[in-house]
Amino acid sequence: MGNSPNRRVAPLCDARTAKLIAGGSSLGVAVIAVGAMMVARSASAVPAFAQQTGQPCKSCHVGGFGPELTPFGREFKLGGYTLRAHASVPLAAMAITSLTHTRKDQNQPPEHLNRNDNVVLDEAAVFLAGGMGNHFGGFAEVTYDGVDRHFSWDNLDVRAVTKAKIFGADSILGLSVNNNPTIQDAWNTLPGWGFPFTDTNVSPTPDAAPLIDDSLAQNVLGVSAYAWIGHKGYLEVGGYSSPARGTLNALGADPFDPGSIRGIAPYGRIAFQTELGGGTFEVGASALKTALFPGRDRSSGLADHHTDLGLDTSWQKPIGSNSFTANLRYEHERADLRASCALGLIGEDADPACGRYDLNELRATGRYTLHDRLGFALSAFDISGSRNSNVFDGNGLPDSNGLMGQVDYTFWPDGKGPLGPLVNARVGIQYTLYGRFNGARHNFDGAGANAVDNNALRFFTWIAF
Amino acid sequence: MDRILTPRFSRRTFLRASAVGAICGVAVSARAETAKVPKQTVQYQPSPKGPAHCAACAYFQAPSNCNFVKGPISPSGWCMLFKPK
């Protein structure tokens, strides 16, 4: 169960982005950072947890493969990964490979890669994962990025939990130490574990995204306290800060990307879960407020500010041996990149609107799984916001939208494969179709590129053991 | 202006306070058992499902408990975690 690290590849590099990099700020502007590095996201079930619980993958994961959690999987996570049937070896591994074809050859493919039809090892990861006693558990992941060709620490979620009575209801109190805001969440609506579960940085993706969308992954360390009240209500408060530059370097992360947090960045989450319509329904909200020194540069005395507010809901219904899930998330970000302006990284410092913008992100995903093996998913995404030519390339609008469809097959969701109960594999086909890309449907880069040029077909294989 | 201020809580203070809080919280409940899951989470039913029933499950703890599921259960019940002994 882990996300891959954000991977940095060559962006569509205009003069302003080049200036950011050349100036050593290393993409201090978070919204540019997201686009420039083309976030790749993937996650997996952790067979070490299957060994610990004696349960097959499908007990904790929808479709018999990670990371989408069933109600039991959520309880396992919120209970600090402590449920145990017997002693186990807390080690696991996974690997993802893929072939990606874009509708049109890329003008600036990622380093080491071709302009099209790239076959890559997206990632190979090892996990230390398990529970210890009745109160401690977690996982830590180290990943080799086959595109960037380097090792780094990946997702980390270490917990301490205890039982409690709150308002007379059996509840769980916990602490999570983690390195990616939302990675501690138990629902698959938030960015950390949201669909598509696996994607690649081989093909171009939209530049603009809220900071909470993985931009801080593995570049921060945070602690949050949570209460799972009556197994229905979830409350969480926490904060994130930036590890020292040397620490991040040693861990294989880029300490300058996107920068360092001033003080503590507060994070909050609330959710309510109940039975509804024969399924499990959840509705929730989240918030993250950050002040960042872009590229760790404090010389201006200012910081770049981001306030991310999100609403999410999900519904998961078992239908015999099949299942249906729906996830919906809306995120609003208000940003003011005061430091980037003052440092001359973007725009004119004298302009009070230099670094201000709003972003709205909407993601909706439906998935139907047959017999925990054959999955069909369709996801729609829409990113829109205010015009700011200092921040966004092309026409100054952040707008992108499109659809992603996926068909996948999981081989051994019940742990009865020929390679033993701890080996599972999935293969799948993804297709991403863009309606708008970086602000426009046609000629979004001023050089004649159209949104559909980035439509991507991806075949992937994913093995966990 | 948004100038740098000395944070009231430094990163080190924050992490130390969190660690102390965790240790204290866990110490208070050191004798507590692992938190089990509610019955509805695992589709528990008080009747068997075919030949599968709790008393024949690897997680059954006689006379009426389960390794994973909260509260007393029926030996003739069933849930989605069933695993034969």
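A: Of the 465 residues in chain A, 61% are buried (under 20% relative accessible area; exposed is over 50%, partly exposed in between; 1.4 Å probe, protein chains only). This is a predicted model, where local features need pLDDT of at least 70, side-chain atom pairs count only at pLDDT 80 or more, and totals for chains, interfaces and linings use all residues. Residues are numbered from 1 along each chain as its sequence is written, chains are lettered from A and ligands numbered from 1 in the order in which they are written, and side-chain values use heavy atoms, with hydrogens and water left out.

Contacts (heavy atoms within 4.5 Å) follow. Among those in chain A with a separation of 6 or more, 69% join residues 24 or more positions apart.

The accessible surface of chain A is about 15600 Å² (Shrake-Rupley method, 1.4 Å probe; for residues, only the protein chains shown count as cover). Carbon and sulfur atoms hold 63% of that area.

Now the charges. Chain A has 37 positive and 44 negative ones, and their mean positions lie 4 Å apart. Lys and Arg count as positive, Asp and Glu as negative; His and the chain ends are not counted. Each charge is placed at NZ of Lys, CZ of Arg, CG of Asp or CD of Glu.

Then the fold elements. Chain A has seven helices and 17 strands (DSSP runs numbered from the N terminus: helices are H or I, at least four residues; strands are E, at least two).

Zoom in on strand 9 of chain A, residues 265–276. Strand 9 pairs with strand 7, residues 233–241 of chain A (pairing needs at least two DSSP bridges between the strands). The sense is antiparallel, over eight bridges. Within this pair, Glu236(A) has Arg269(A) of strand 9 as its bridge partner.

Strand 9 of chain A also pairs with strand 10, residues 279–294. Again the sense is antiparallel, here over 10 bridges. Ile270(A) stands opposite Ala285(A) of strand 10. Strands 9 and 10 of chain A form a hairpin with two residues between them. There, Gly277(A) takes a positive phi near 60°.
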